[in-house]
Amino acid sequence: MNATPSLFDVIVVGAGVSGLMAAYEAQKRGLAVGVLDAGETPGGVIGTRQRDGFAYETGANSTLDTSPLLNEIFAELRILDARRDASAVASTRFIVRQGQLVALPTSPGAFFTTSAFTLGAKLRLFREPFIAPSPPQAEESIAAFVRRRLGNEFLDYAIDPFVSGIYAGDPEQISVPAAFPRLFALEQKYGSLIRGQIMGARERRKSAEKAKNAAKSFSFAGGMRDLPAALAGKLSHYHPGVRVTTIARHVDGSYEVQALRAGAPLAYRARALVIATPAYAAARFVENLSSPLARALEAIEYAPVAVIASAYRRQDVRHDLAGFGFLVPRKERRRILGTLFSSSMFDGRAPAGHVLLTTFAGGRRNPEMAALEDGALAAAVGDELGALLGAQQPLWHEIVRWTHAIPQYTLGHLERIAAIDRAAAAFPGLHWCSNWRGGVSVSDCVKNGHAMGGTVHAYLAPVARAA
């Protein structure tokens, strides 16, 4: 028996930050918006959990203050007072080199005295302004780009761990134009990264935007879950626990979404549809609508990641943990991608006399690590933290697994996005808002969702609203 459709101006499928932000902005502009999400709590991979007085994250532990828009939105949501900037010590970030944690330089002066890079690597940097840019139509991997402009050592001990930290990806496969468009633009516009950093800083000051390498990290008093919870709380029609099965388009141009909740059929209808889910989930929804569109979406690849929260007594960790955390270069041949010093970054993450560490394993580098059974994975992480931090006798480990954690902006990604757009062009009113395009950070998702709310409003402005 078919359910009678609930009518909206816009249906948003997916209640991660991207979808929630798009829905919030569209509703603010006067549209009737229905949000459907298979999960029971908003946020997608973002979530904050409690255990024994510790607070640990299931996904992103923080995000970056890259735009004034963020605080404007937080003020609207009444969570600006709950924003918590990372501590002063979190400005120090470490890499592993020859089995030891080495602090990365945070100033030009520190760069020339750091032991993170050899003298040869430092001198190599002086060649960078004289290296010609790549042809504008060329697509390079970030590994090839850095190797060409900065040399192998910067690739191995700066960019490789950095790419693993953001994308859990392989720098030999991650596309510069797709994943690092500003970096690509700096080279194309100024012919040099060093010149571009200097000149580009002036432009950013004019726009009030901040480069990600200079932006502050922040979270919220209750953890990252505060943001999706606040957004969902502002929505008039947020429907958790609703699993979308198919999407159809009617002759009048409206979209009908068929779904299930606890086995009961549901239907929703709207003039515009925003799909704010991972690409592989979106492919399932649109199969009935367009097989070529589904195939194009399936071409977006993801990396698996396991997130391991580990609790220790402070006295059982030898390292002082005065920093943000550490990343592990591939050349170090360790079993983890990196670890955040969560209780050093933010207050309230661990009880007095205790520390919380958050470790990431898997990715494109070691996908088998993300699939290890819990006991073996916990033991491996404990061994790594013991070797690198002198951490002994963990109180507990909590493991959260994401088999499709982070979309991979690999070589050819922009063409894959273009193929999706070409296939979707036959369906006016169908929009995408997810981290497989436009950036993977939480801040990117907020900005992209905000823009999507305006896009949908502009699309619907000439047509009648739903009753």
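Me: Is C433 buried or exposed?
Reply: C433 counts as buried, since its relative accessibility is 3%; buried means under 20% relative accessible area, exposed means over 50%, and partly exposed lies in between, with a 1.4 Å probe and protein chains only. This is a predicted model, in which local features need pLDDT of at least 70 and side-chain atom pairs count only at pLDDT 80 or more, while totals for chains, interfaces and linings use all residues. Residues are numbered from 1 along each chain as its sequence is written, and side-chain values use heavy atoms, with hydrogens and water left out.

Me: How many disulfides does a search of the whole structure find?
Reply: The search of the whole structure comes back with 0 disulfides, a disulfide being a pair of cysteine sulfur atoms within 2.5 Å.

Me: Switching to the surface, which residues make the nonpolar patch?
Reply: F112, L119, L123 and F126 make a nonpolar surface patch of about 450 Å². Patches are made of residues with over 30% relative accessible area and no salt bridge, where like charges are joined within 9 Å and nonpolar side chains (Val, Leu, Ile, Met, Phe, Trp, Tyr) within 5 Å; the areas come from the Shrake-Rupley method with a 1.4 Å probe, and for residues only the protein chains shown count as cover.

Me: And where is the place of F126?
Reply: F126 sits in the loop between α4 (119-124) and α5 (142-149). Helices (H or I, at least four residues) and strands (E, at least two) are DSSP runs, numbered from the N terminus.

Me: What does the count of salt bridges come to?
Reply: The count is 30 salt bridges, taking a salt bridge as a side-chain nitrogen of Lys or Arg within 4 Å of a carboxyl oxygen of Asp or Glu. One of them joins the side chains of R29 and E25, at 3.1 Å from N to O; R29 is partly exposed, with a relative accessible area of 38%, whereas E25 is buried, at 4%.

Me: Which parts does the R261 and E40 pair tie together?
Reply: R261 and E40 form a salt bridge whose closest N and O atoms are 3.7 Å apart. R261 belongs to strand β12 (residues 255-261) and E40 to the loop between β2 (33-36) and β3 (48-51), so this pair ties together parts 221 residues apart in sequence. R261 is partly exposed, with a relative accessible area of 35%, and E40 is exposed, at 53%.

Me: What about D252 and R269?
Reply: Their side chains meet in a salt bridge of 3.4 Å, N to O. D252 lies in the loop between β11 (243-249) and β12, and R269 in strand β13 (residues 264-275), so the parts that they tie together are 17 residues apart in sequence. D252 is partly exposed, with a relative accessible area of 40%, and R269 is partly exposed as well, at 24%.

Me: Now the sheets: in which order do the 7 strands stand?
Reply: The order is β8-β7-β15-β16-β17-β14-β18, in an open sheet with mixed pairing. The edge strands, β8 (100-103) and β18 (396-407), each pair on one side only; two strands pair if DSSP finds at least two bridges between them.

Me: How many bridges join β14 to β18?
Reply: There are 9 bridges between β18 and strand β14 (residues 302-313), and the two run antiparallel, with V307 standing opposite V400 in β18.

Me: And which residues cover the faces of β2?
Reply: V33 and V35 are on one side, G34 and L36 are on the other, and all are buried, which leaves both faces covered. In a regular strand the side chains alternate between the two faces of the sheet. Strand β1 (residues 6-13) runs parallel to β2 and is joined to it by 4 bridges, with V10 opposite V33.
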